[in-house]
Structures are given as C-alpha cells and as structure tokens.
Amino acid sequence: MSDPRIEIYENHKQAIYSYLYRSTLNRHIAEDLTQETFFRAFKSLSTYRGEASMKTWLFKIARNTYINFNVKKQTQLEMHSGTLDERTAVRHDPYKHAEDKLLIQMILLKLPENYRTYILLRDGNGLTYEEIAEVTNESIAQVKVGIYRARKKFRKIYKKEHSCNEGF
C-alpha cells in the first residue's frame, strides 16, 4: 500500500510551487516555501477534517507559510537596515512575451498580499470563489469584491508600467 502523503504531494506540488513562485519571483525561496508547506501539512494531516478540499487546505497552508516568511523577512531587514530594501532583480529578455511575463510578475509583487493572493488563486490556479473564501477565511462576497478590486488595481498599475516601458 502506498503512502497517501506521496500521492498528496505529487498531485498538488506544482500548483503550490507555482503560487509561491509567483508570490516571491524567486525559485529557491518558492522551493523552500513549498517544502515548508508540505512539511506543515503532513505534520497536521491527522487534524485534516475534510471540510475543505485537499487543494484548498494546502493553499491555505501555503498562504500562511508565505505570510510568515514575509513577516520574518521584513523583521530581519528592518533589524539590519532600519528600512525595507526593495531591490528586485530584473532580467532583460529580447522577446516581447518574456518582457510581458516579467512585467506581470513585477506588478503582482507591487500589489498588496491579499490582492496578489486573489489573483494568483483565481486566475493563476483556477480556484472557485468558495475555495478562495476557505483559504482566506473570508466570505464569498468579500472574495468577489476583493478579486474585483485586485484586478482593477492590477490593470491600473499595468497601464502605468506598460506606458512607461513602451519608450524603451
């Protein structure tokens, strides 16, 4: 009989990694956070009651893992420098598609965490409003409004950034 943890990991690792990568834009951090997510999930697997789907439960753990990582990172940066240092490595790619993809990733990083989460879970991972509500501990109405506002803010930043980048 196979270990159910292996099946859970194999079925959900790519979606969780993808969400965390788009949240951090750093492959190594996303890999570490993905491993931490599954470590936490397996550690508390006996408490999983099945009220939400396994996918929703794992996204909830991934989001909390990411938030905890950001809190630690911010605290460490503030301790070392007194302010947050917002340096982002920009990779130049001669292909327009790659540039657009990078621009989208950079805009996602500029959004507040909850807006980024809405967009990544709904548009990036195809979760339903109900699943997102479960992940974020919000009502479905709050999720719908949040997604609307997140997309609106994303479009606003995109238009501003896209018009700035056209001159290059």
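**View 1. Asn137 in the loop between H6 and H7 of the predicted model.** Asn137 counts as exposed because its relative accessibility is 61%, above the 50% cut-off. Phi of Asn137 is near 60 degrees, a positive value in a residue other than glycine. Most residues other than glycine have a negative phi.

**View 2. Leu25 in the loop between H1 and H2.** Leu25 is a residue other than glycine with a positive phi, near 60 degrees.

**View 3. Crossing of helix H5 (residues 113–124) and helix H6 (residues 129–136).** The two axes come within 10 Å and cross at roughly 140 degrees, which means that H5 is oblique to H6. The crossing of H5 and H6 is right-handed. On the H5 side the contact involves Thr117, Tyr118, Leu121 and Arg122, and these meet Tyr129, Ile132, Val135 and Thr136 of H6. By class, 5 residues of this contact are nonpolar, 2 are polar and 1 is charged.

**View 4. The largest nonpolar core, with 34 residues.** Leu20 and Leu58 touch the most other members of this core. At least two core residues come from each of helix H1 (4–24), helix H2 (27–43), helix H3 (54–81), helix H4 (96–110), H5, H6 and helix H7 (140–165). H3 supplies the largest share, 7 residues.

**View 5. Surroundings of Leu20.** With neighbours within four places in sequence left aside, the residues in contact with Leu20 are Ala30, Leu33, Thr34, Thr37, Ala62 and Tyr66.

Technical notes: Residues are numbered from 1 along each chain as its sequence is written. This is a predicted model: local features need pLDDT of at least 70, side-chain atom pairs count only at pLDDT 80 or more; totals for chains, interfaces and linings use all residues. Side-chain values use heavy atoms; hydrogens and water are left out. Axes are lines fitted to C-alpha atoms, for helices over the stretch in contact, and angles run from 0 to 180 degrees between N-to-C directions. Helices (H or I, at least four residues) and strands (E, at least two) are DSSP runs, numbered from the N terminus. Angles under 35 degrees count as roughly parallel, over 145 as roughly antiparallel, 65 to 115 as roughly perpendicular and the rest as oblique. A crossing is left-handed if the near helix is turned anticlockwise from the far one by less than a right angle, and right-handed if clockwise. Contact means heavy atoms within 4.5 Å. Ala, Val, Leu, Ile, Met, Phe, Trp, Tyr, Cys and Pro count as nonpolar, Asp, Glu, Lys and Arg as charged, and the others, Gly among them, as polar. A nonpolar core is a set of buried Ala, Val, Leu, Ile, Met, Phe, Trp, Tyr and Cys residues joined through side-chain atoms within 4.5 Å. Buried means under 20% relative accessible area, exposed over 50%, partly exposed in between (1.4 Å probe, protein chains only).
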